[in-house]
Amino acid sequence: SPSNVAQDLGRDGVSTGYCMDEDSAEALLADLTTNNAKRLVNKLAQNDFLLDSAKAYLGAEPIIACIYLRDEQPSDQPPKWHFDVSGLRSVSVFLYLSPHTERDGGYHQCVPGSHRDPSPLTLFKRFLHGQNPASASILKVAGDVGTLFFEDTEVMHAKSAHSGIRKILQIQYCIGKPILGYLLDPPATI
């Protein structure tokens with residue numbers, strides 16, 4: 001429920017365990033190559049569960065700040081730990097459009113609870129020093145096509161190295177107008 005998502009986000013900065021059925025996710029991916037892509041993605045971004053969850057967490061009517069489709073080639077680069085700042089408060093929804101497994105990599109990883117000290121000094125230190133968290137504190141969000149999860153954008157996070165193509169749809173909701181974009185590796189937009 002949206003209240004469970006909001007509770008998870010408040011405590012951990014991440015809420016996992018959601019899924020779009022694989023057939024729908026694969027159909028969405030296939031349609032992203034057509035002229036219907038923007039209409040389909042905007043329709044998904046207007047989904048009641050996603051909007052209600054964002055509203056429950058943000059405490060106000062959410063604005064769709066941006067929608068990204070990440071389509072990345074294999075990479076053996078180590079994780080680049082960072083956080084994102086995109087408005088007064090924001091939350092992203094991620095939908096895996098390709099498998100992101102422990103074996104093949106490409107999964108999202110984060111440090112639950114790291115969003116609870118968002119003071120400017122703390123955020124600046126995280127960015128400046130590129131702090132790598134202790135491995136015991138890292139949550140790996142691995143999953144198949146259709147895996148869906150929510151994340152407060154101020155949680156420390158990174159992608160893992162990956163041996164296959166990495167496809168993820170990201171929908172970011174915020175309150176207020178977005179003030180800053182991504183601090184590292186700006187993704188391609190659709």
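The lining of the largest cavity has eight nonpolar residues, no polar ones and no charged ones. This is a predicted model, so please hear every value as computed from it. The residues in that lining are Leu44, Leu50, Val93, Phe94, Leu95, Leu148, Leu169 and Ile171. Two elements give two or more residues each, namely S3 and strand S8, residues 166-175. S3 supplies the largest share, three residues. As for volume, the largest cavity comes to about 40 Å³, and the structure holds one cavity of 30 Å³ or more.

Next, the aromatic residues. Searching the whole structure gives five aromatic pairs. I will go through two of them.

One is Tyr18 with Phe49. Tyr18 belongs to strand S1, residues 14-19, and Phe49 to helix H4, residues 48-58, so the pair ties together parts 31 residues apart in sequence. Phe49 has a relative accessible area of 28%, which means it is partly exposed.

The other is Phe94 with Phe149. Here the rings are stacked, with 5.0 Å from centre to centre and 20 degrees between the planes. Phe94 is in strand S3 and Phe149 in strand S6, residues 147-152, so parts that are 55 residues apart in sequence are tied together by this pair. Is Phe94 buried or exposed? At 6% relative accessibility, Phe94 counts as buried, the cut-off being under 20%. Phe149 is buried too, at a relative accessible area of 1%.

Which residues do ring pairs link into a cluster with them? The cluster consists of Tyr18, Phe49 and Phe150.

There is also a charge over a ring. The charged end of Arg89 sits over the ring of Tyr57, at 4.5 Å from the ring centre.

Last, a loop residue. Gln77 is in the loop between strand S2, residues 63-72, and strand S3, residues 89-96. With a relative accessible area of 46%, Gln77 is partly exposed. How far apart are Gln77 and Ser160, in sequence and in space? In sequence they are 83 residues apart, while their C-alpha atoms are 8.0 Å apart in space.

Conventions:
Residues are numbered from 1 along each chain as its sequence is written. This is a predicted model: local features need pLDDT of at least 70, side-chain atom pairs count only at pLDDT 80 or more; totals for chains, interfaces and linings use all residues. Side-chain values use heavy atoms; hydrogens and water are left out. Helices (H or I, at least four residues) and strands (E, at least two) are DSSP runs, numbered from the N terminus. Buried means under 20% relative accessible area, exposed over 50%, partly exposed in between (1.4 Å probe, protein chains only). On a 1 Å grid over the protein atoms alone, a cavity is a set of points where a 1.4 Å probe fits but cannot get out, and a pocket is an open set with protein on both sides within 12 Å along at least five of seven lines; lining residues have an atom within 4 Å of a point. Grid points are joined across faces, edges and corners, and a volume is the space filled by probe spheres set on the points. Ala, Val, Leu, Ile, Met, Phe, Trp, Tyr, Cys and Pro count as nonpolar, Asp, Glu, Lys and Arg as charged, and the others, Gly among them, as polar. Rings of Phe, Tyr and Trp (its six-membered ring) pair if their centres lie within 6.5 Å; planes under 30 degrees apart count as stacked, over 60 as edge-to-face and the rest as tilted. A charge sits over a ring if NZ of Lys or CZ of Arg is within 6 Å of the ring centre and within 35 degrees of the ring normal.
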